[in-house]
Amino acid sequence: MRPAIVWTILRKELLESLRDRRTLVRLVVLPILLYPLFALGMSKIVGSEAAAREARASRVAVWGELAGGLRERLESAGKKIELAPWEGAPPEVREGLLSGALAPPEEPAAEAEPGAGDEAPPGDDGEKGRRPRWTEPENPVLAAARAAVSARQVDAVLVPWPSLEATLAQGGRGAVAIYFDSVRADSATAEARLDAALGRARREIVAAREAERGLPAGFSVAYDVVPRDVAPDSRKVGQILGSMMPMMLILMSLLGSFLPAIDLTAGEKERGTMQTLLCAPVRSLEIISGKFLAVWTISLLTALGNVVSLSLTVGRLLPDVVVVDPAVFALTFVLLVPVTFLFSALFLALAVFAKDFKDGQNALMPAYLPLSLLAGITALPMVELSPWTAYAPVLNIAVLIKALFLGEAPADLLLAALISSGLYACLALLFAARVFERENVLLGGGHESAASVLGLGRRAGGVPSAGFSLAAFAGVQVLFFYGSLLIDRASVAAQVAASQLGFFLLPTLSLVLGFGYSPRETLGLRPVSVRGLCGAVLVGVSGWAALGGTVLRWFPAPEPLARELGELVLLGGKPYLVVLLLVAVTPAVCEELLFRGLVYAGLRRAGPAAAIVVSALLFGLAHGSVHRLLPTFLLGLALGYTRHRTGSVLAGAVLHALSNGVVVSLLYFDPAWAQGALEQAVPWSATIAGMLVSLAGLLLLRGTPAPEGSRDGGSADGGDAREG
């Protein structure tokens, strides 16, 4: 081998690579900017979270009587401890503690260590001889405290055992237990604050005892403060796994779709096989479908292989006493399905703009890096599944996987994360399908503007496509979700009005008018026949009884949720007409214009059945509750059928308003015959009557003649039939 030739070739290849500005950006500019910005952002997040946690008062449940002035001493601890007597204590635990039937578990005697007698009493600030934390055996108090802390009712539970007051009065040594969750930062902070405050209080009690009896300083102890971590070993292991594994799994899923997406698009252009494929008698939709399924299959197999390897590795390394449920790994793979769907569609759509394989890598890196960083944020302990992260793309699945390992994934937030991930994945697929319709992009020809590729130009009437309607729903849903969080401190009435008018009605009208679609055809603004109106009225006044007597009977909502919804519907005691306007009429208008107007108009090209079912499913998912999904879906089916038979959104708005109005009226006036019917199952007599009246209404709707040109597949679509 001749070194001079090797050097010449090396210099040539480096010069050609570095001559490309995108290579320089990827090698120099991105690292210089990306990592400092990422580090600064993370430090800001960590710092702000630590400052916020320090500023927040720790909510502590007190299960027992605080003797010897302990309450005053704790409440005066810089206003950082908020005491909540008996918060979260089950009745049997409260009764057992008050009666003395529940006593502190016997703790094994600690062996004396050299010099231990000279150390400060356990619990004092700055002590070195602090008692090691003891794993308490299972008992009713521990189980109840774990439930209260895990449900986040409180940050910690303080248990002054029943004999404390008498023991202190006799100058003896009592016991106080602090139950906390070491995995939760707020709970650990509460334990540290309690330990410090109780240590200071004990020193004061000890000093008073010693002064009273003329004893030397440090002679007494007063009481033991025993920290008891309620987090089981499996949860502690879950914290470690949940901090690392989501990022690793998502990064590997990214890689699983990154290279195949480039190879099946830019790689084919480079090899000249894309032109051959376009010359074959196949459609663009068939091309994108085949390529997408190929990339998605590879990404799914990559994710599956990583999850299986992870489960086997964890099972081999963990001791036998700590076992991660195999269902956690199975659910982790299920959660990776929408992520791989999103990656495959997005990378495929971006890579098709590239002219060769190298150009494809450059095109995908700007998307790859932010997605990787979103997955990496999960490692921060304060980043967890919450209303704010449930709709963040990629991050929501990462924190959901983290929550699964920790064993804390609330059903509603889990549903919100899955809904949002499905929306983002569908948007990415719609984007890919749109790109693959542009033949000059597939052939690597001239560049097109983003507005042209996405079809964002103004229309001249007609109705939107299914892709536009689904994208509109996704945008409105994300706006509604985050907008609702921003106004969560307003009154309930203000939240309802702002959500319906600002997050449903205004975006819907803006999209229809802004893109130039026909409001009459898109929103179904047509008159309704008397027969159709009568059918809608019958279903509206009886549907609550039919659904309540079947759905609530077989799938009852939890009692706290039913009670909370009942209180929410009444808007905190507003007058009846205000409640009726905001809870019955306003949602009927705003939600129907979106779901049976804009969304239904685009979906009806796929046929009335698809339009009715899909719009009803989206309507149910938009309500964001597992327990409300089925009844709202069934109501959505009735509303969609009304829209189909009458050709008008007005009939559905009447049905919707009456359905909500009847429930509001029953809750507001609470007649004796209806008490408990909404929280529990509606009686069979009312259920059967409601079903018969609803059936009569549906039969009236079935025979309703629709206005000219309003039926699905009619002339309403003609003005925009070619729009994507």
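**Figure 1. Tryptophan 86 in a loop of the predicted model.** At a relative accessibility of 11%, tryptophan 86 counts as buried (buried means under 20% relative accessible area, exposed over 50%, partly exposed in between, with a 1.4 Å probe and protein chains only). Tryptophan 86 sits in the loop between strand 2 (81-85) and helix 4 (91-99); helices (H or I, at least four residues) and strands (E, at least two) are DSSP runs, numbered from the N terminus. Its phi is positive, about 60°, although tryptophan 86 is not a glycine. Most residues other than glycine have a negative phi. This is a predicted model, in which local features need pLDDT of at least 70 and side-chain atom pairs count only at pLDDT 80 or more, while totals for chains, interfaces and linings use all residues. Residues are numbered from 1 along each chain as its sequence is written, and side-chain values use heavy atoms, with hydrogens and water left out.

**Figure 2. Arginine 152, with a positive phi.** The loop between helix 5 (140-150) and strand 3 (156-160) holds arginine 152. Phi of arginine 152 is near 65°, a positive value in a residue other than glycine. Arginine 152 counts as partly exposed because its relative accessibility is 36%.

**Figure 3. Helix 12 and its kink.** Helix 12 (residues 326-351) has 26 residues and reaches 37 Å from its first C-alpha to its last, close to the 38 Å expected at 1.5 Å a residue. At valine 337, shortly before proline 338, helix 12 has a kink of about 25°.

Figure 4. A cavity is a set of points on a 1 Å grid over the protein atoms alone where a 1.4 Å probe fits but cannot get out, and lining residues have an atom within 4 Å of a point. Grid points are joined across faces, edges and corners, and a volume is the space filled by probe spheres set on the points. Two cavities of 30 Å³ or more are counted by this rule. The second largest cavity has a volume of about 40 Å³, and its lining consists of Pro338, Val339, Leu342, Pro393, Val394, Asn396, Ile397, Ser421 and Tyr424. Helix 12, helix 14 (395-406) and helix 15 (411-436) are the elements that give two or more residues to this lining. Helix 12 gives the largest share, three residues. By class, the lining has seven nonpolar, two polar and no charged residues (Ala, Val, Leu, Ile, Met, Phe, Trp, Tyr, Cys and Pro count as nonpolar, Asp, Glu, Lys and Arg as charged, and the others, Gly among them, as polar).

**Figure 5. Glycine 315 and proline 326.** Glycine 315 lies in helix 11 (residues 284-317) and is exposed, with a relative accessible area of 56%. The C-alpha atoms of glycine 315 and proline 326 are separated by 9.4 Å, and the two residues are eleven apart along the chain.

Conventions
The expected span of a helix is 1.5 Å times one less than its number of residues. The bend at a residue is the angle between axes fitted to the seven residues ending there and the seven starting there. On a 1 Å grid over the protein atoms alone, a cavity is a set of points where a 1.4 Å probe fits but cannot get out, and a pocket is an open set with protein on both sides within 12 Å along at least five of seven lines; lining residues have an atom within 4 Å of a point.
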